[in-house]
Amino acid sequence: MEISVFSTASKAIGNSILGYVSSPAWMNKMITQSIHHPTPPYPHDNIKHYNALGWLFKRCTQLLPTEDRLTLISSTFSQMPCFKLEESAGCLGFYGYGVFLKTMISGWGEVEWHRVFNFLCSFTNLLPKIKMAVTGTPGVSCSLELQLRLFCRQVLLDRWPGKGTLFWLTRILKPWPMVLQARLLFILYGPLMPDGTLAWQGIVEREMSHSALWHMASVIVLLYSNLDHLTDWTTDTMQTILEELIVFPEVWHMENVARLFVLCGDTVCYSFLANKLHNGQLLEVSRLIVHIILVCEKNGYSMNWVVRMVHQVCQGFNTAERFAFIQRLEDMFSEVTMELIEIVTAGNHHEGTGPFQTLRSLLQSSAHFHAKFLLHMFLQNE
């Protein structure tokens with residue numbers, strides 16, 4: 001840090017220090033040899049090291065044009081395989097680079113951030129690699145998928161919470177049609193299998209935990225909550241992206257769809273349900289609501305939240321439509337219950353097994369939901 005402060009003393013001193021830190025010997029010692037670390041957690045000393053490097057480069061290049069500053073960064077990191085998105089699996093060099101870059105460009109304006117993104121795309125050949133990942137068969141290029149996830153998350157998305165994440169995420173998503181945006185969101189934030197690969201089939205075949213879906217739900221909420229400030233995304237755009245997301249590579253396990261919407265909360269969930277009802281998809285909405293009720297019972301979420309959501313959905317109907325919706329919901333409870341009974345009896349499942357536990361949770365959730373729903377309607381009519 002001392003040398004970075006010293007570099008601001010005069011232009012001549014700054015230029016001398018810049019020449020020194022640009023030398024191959026210095027860069028090899030201070031960057032190349034220390035940036036790779038094979039396993040998490042990334043050492044705290046390395047984080048401080050790259051934060052200090054960011055300040056050093058920020059201060060000794062402050063008189064240079066933005067393009068020249070970015071070119072200097074490129075020459076500093078371009079020879080390392082992981083920064084070409086090659087051989088990066090298991091390397092946390094991206095994390096150190098993310099710390100460095102955030103420090104380096106802190107205080108820059110949005111126009112300069114756009115230049116940084118364009119520079120990173122050129123530097124890493126990012127867009128062609130994204131195209132290869134999102135248009136290919138899911139899981140076939142698993143190393144490329146994980147490289148993109150590591151680079152985008154550790155260099156950009158996870159470094160700037162909130163508005164910063166939104167800026168970088170929209171830059172990454174913008175070049176692609178909505179169906180590919182959905183796939184890219186899964187690559188960036190989808191759940192992982194124990195072996196570290198993306199759970200393309202896992203999300204279709206089995207339940208995923210609350211924590212496995214948390215990051216994806218958070219970024220969906222981030223996009224939804226900023227639609228008023230985004231020119232390229234609307235409620236309809238997000239609806240389409242979500243529709244594509246939950247059916248790729250095949251239709252997701254229904255509890256995973258329900259858990260995702262529970263984690264997304266009121267605005268996203270209501271918007272999605274209301275849009276589907278507007279398009280006449282009553283059957284799909286009823287099935288989703290039943291599984292949302294089931295997930296709330298399993299994971300201990302408030303049943304009052306589901307009751308309020310169903311009540312809010314009902315407000316968009318006239319009296320006859322409201323009764324038809326409630327009847328369809330009751331029929332769906334019966335259908336899902338019978339489906340589970342058939343699975344339990346056909347597979348000779350016993351108490352304590354997954355299907356039996358799910359059946360028991362469904363029956364309990366039905367009782368709790370109906371008790372809360374009747375109480376809510378009673379209090380509404382007082």
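A search of the whole structure finds 9 salt bridges, a salt bridge being a side-chain nitrogen of Lys or Arg within 4 Å of a carboxyl oxygen of Asp or Glu. The structure is a predicted model, in which local features need pLDDT of at least 70 and side-chain atom pairs count only at pLDDT 80 or more, while totals for chains, interfaces and linings use all residues. Residues are numbered from 1 along each chain as its sequence is written, and side-chain values use heavy atoms, with hydrogens and water left out.

The protein chain contains 20 helices and 0 strands; helices (H or I, at least four residues) and strands (E, at least two) are DSSP runs, numbered from the N terminus. Of the 382 residues in the protein chain, 48% are buried, where buried means under 20% relative accessible area, exposed over 50%, and partly exposed in between (1.4 Å probe, protein chains only). Among contacts (heavy atoms within 4.5 Å) between residues at least 6 apart in sequence, 69% join residues at least 24 apart.

Several of the salt bridges can be described individually. Lysine 298 pairs with glutamate 207, with the closest N and O atoms 2.9 Å apart. Because lysine 298 lies in helix H17 and glutamate 207 in the loop between helix H12 (202-205) and helix H13 (210-225), this pair ties together parts that are 91 residues apart in sequence. Both partners are partly exposed, lysine 298 with a relative accessible area of 27% and glutamate 207 at 35% relative accessibility. A second salt bridge of 2.9 Å between the closest N and O atoms joins arginine 287 to glutamate 339. Here arginine 287 is in helix H17 and glutamate 339 in helix H19 (residues 319-346), so the pair links parts 52 residues apart in sequence. Glutamate 339 counts as partly exposed, at 33% relative accessibility. Salt bridges that share partners join Glu207, Glu255, Arg259 and Lys298 into one network. In a further salt bridge, the side chains of arginine 153 and aspartate 158 meet at 3.0 Å, N to O. Arginine 153 counts as buried at 11% relative accessibility, whereas aspartate 158 counts as partly exposed at 39%.

Arginine 69, in helix H5 (residues 66-77), is buried yet has no salt bridge. The side chain of arginine 69 instead reaches the backbone oxygen of lysine 58 at 2.9 Å. Not counting residues up to four places away in sequence, arginine 69 touches Lys58, Thr61, Gln62, Leu64, Met104 and Trp108.

The largest nonpolar core has 114 residues, of which Trp168, Ile220 and Phe369 touch the most other members. H17 gives the most to this core, with 9 residues. A nonpolar core is defined as a set of buried Ala, Val, Leu, Ile, Met, Phe, Trp, Tyr and Cys residues joined through side-chain atoms within 4.5 Å. Leaving aside neighbours within four places in sequence, tryptophan 168 is in contact with Ile105, Trp113, Val116, Phe117, Leu156, Leu157 and Trp160.

Helix H9 (residues 142-157) is largely enclosed by the rest of the structure, because 12 of its 16 residues are buried. Among the buried residues of H9 are the charged residues Glu145, Arg149 and Arg153, as well as Leu156 and Leu157. The buried residues of H9 pack against helix H6 (93-105), helix H7 (110-124), helix H8 (126-135), helix H10 (163-173), helix H11 (178-189) and H13.

Glutamate 297 is found in helix H17 (residues 282-299). With neighbours within four places in sequence left aside, glutamate 297 is in contact with Met303, Ser361, Gln364, Ser365 and His368. Glutamate 297 and histidine 368 are 71 residues apart in sequence, with a C-alpha to C-alpha distance of 8.3 Å.

The structure holds 0 disulfides, a disulfide being a pair of cysteine sulfur atoms within 2.5 Å. For cysteine 121, the nearest cysteine sulfur is that of cysteine 152, 8.6 Å away. Cysteine 121 counts as buried at 11% relative accessibility, and cysteine 314 is also buried, with a relative accessible area of 4%.

Methods
A polar contact is a pair of N or O atoms within 3.5 Å; within protein, one must be able to donate a hydrogen and the other to accept it, and residues adjacent in sequence count only if both atoms are side-chain atoms.
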